[in-house]
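Colleague: Could you take me through this model, one question at a time? I would like to start with a single side chain and then move to the pockets.

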Amino acid sequence: MTTAAEVRVKPRRSSWTPSQIILTLLGAAVSVVFLAPFAWGLFTSLKSETEAVEVPPHWLPKDWTGQAWKALFETGNITNWFVNSLVVSVCVTSVVLSVSTLAGYGFARTEFRGKGVLMGVVMAGLMISPPVLGVPLFTTVQQMGMVDTYWGMILPQCAPAAMVYILYKFFQGIPRELEEAAFIDGAGRWRVFFTIVLPLSRPSLSAVGIFTFIASWNNFLWPYMVTNNPDLMTMPNGIATVMNSYGIQWAQLMAGGLMAGLPLVIVFVFFQRQIVSGIAHTGLAGQ
C-alpha cells in the first residue's frame, strides 16, 4: 500500500495575475498594429486594379484574384530586380563585415600613430546622414566610370562607421588575458584574431551582418541615383516603376512590396535569436 506521504501532489498552476493579463492584451494590440499593414497589402494585392482604388476602401476583396501577381511577373522584370538586390546586399554585407571587423579590432587592441584622429573620423561619420553625401559620392563614382555598374552601387555603401564602432566596443570587452596567453604560447596577432577573437565575436558579427543586409536591401536612394539601366534596378527601385498610362498600379505595387519584404521577414524569423544576442553582446546596452 502507498502511504499518503508517497503520493505526489502536482503543483496547481497559478492563475493569471492582472498585470500578466494587461501585458498580454497590450502585446496583442501592438502585434495587430504591426501586422495590419501586411494584411492590408496582401488583401489589396488580391484585388483587381479597379477595386484597389475604390472609395471608400474596404479590407477584403469582393472578387479574389491573383491578376496583380501574374501581371507583376509578366510585365515587370522582378526576377532581375530580386537577383540584383541579392547580389548587392550580399556583397555589401561581406565587405562591411570584413572592414568593420578589422578596423574595430585594430582600434581596440593596437596602438599606432594617429589612432585618436582616425577614431575621431569614424565617430564623425556617425553624425553625418548618408543622403548628405549623395552628390559628392555620385560625382566620384561618375569620374571613376562606375555609373550603371554593380560596383557603383556596392562600394559607396561600404563605409560602415556605425558597425566599426559596434565591434570596437565589443572587442574592448574581450578579456586581454585570453590573447596574452596565446601570445605567450607563440601565437601571432593574426592567429589570435582568427582562432580566439572571431569565434568569440560570432553573436556580434551575426547582428552586424543582419543589420547591414537589411539596410542594403531597403536602400532606395543610392541605387536610384547611380543606376539608369532597367536591368540593374534593385527591388525598391523596380517596384517604384510599377505604373502605366493610368498611373500607379496599386494592386501590383502591393504585390511587389510584399515580395520585396519577404526575404527580410525570413531573415528576422530565422535569425531573431542572433539579433537579440548580438545586441546584448555589443556593449551598447548601457550607452
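Modeller: The side chain of Lys 115 makes a polar contact with the side chain of Glu 111, at 3.3 Å. A polar contact is a pair of N or O atoms within 3.5 Å; within protein, one must be able to donate a hydrogen and the other to accept it, and residues adjacent in sequence count only if both atoms are side-chain atoms. This is a predicted model, where local features need pLDDT of at least 70 and side-chain atom pairs pLDDT 80 or more, while totals for chains, interfaces and linings use all residues. Residues are numbered from 1 along each chain as its sequence is written, and side-chain values use heavy atoms, with hydrogens and water left out.

Colleague: Is Lys 115 buried or exposed?

Modeller: Buried means under 20% relative accessible area, exposed over 50%, and partly exposed in between, with a 1.4 Å probe and protein chains only. The relative accessible area of Lys 115 is 17%, so Lys 115 counts as buried.

Colleague: Which residues is Lys 115 in contact with, leaving aside its neighbours within four places in sequence?

Modeller: Contact means heavy atoms within 4.5 Å. Lys 115 is found in helix 5; helices (H or I, at least four residues) and strands (E, at least two) are DSSP runs, numbered from the N terminus. With the neighbours within four places set aside, the contacts of Lys 115 are Phe 107 and Thr 110.

Colleague: Which helix gives the most to the lining of the largest pocket?

Modeller: On a 1 Å grid over the protein atoms alone, a pocket is an open set of points where a 1.4 Å probe fits, with protein on both sides within 12 Å along at least five of seven lines; lining residues have an atom within 4 Å of a point. The largest pocket is lined by 31 residues. Five of the lining residues come from the top contributor, helix 5.

Colleague: Which helix provides the largest share of the lining of the second largest pocket?

Modeller: Helix 1 (18-45) and helix 14 (250-281) each give two or more residues to that lining. Six residues, the largest share, come from helix 14.
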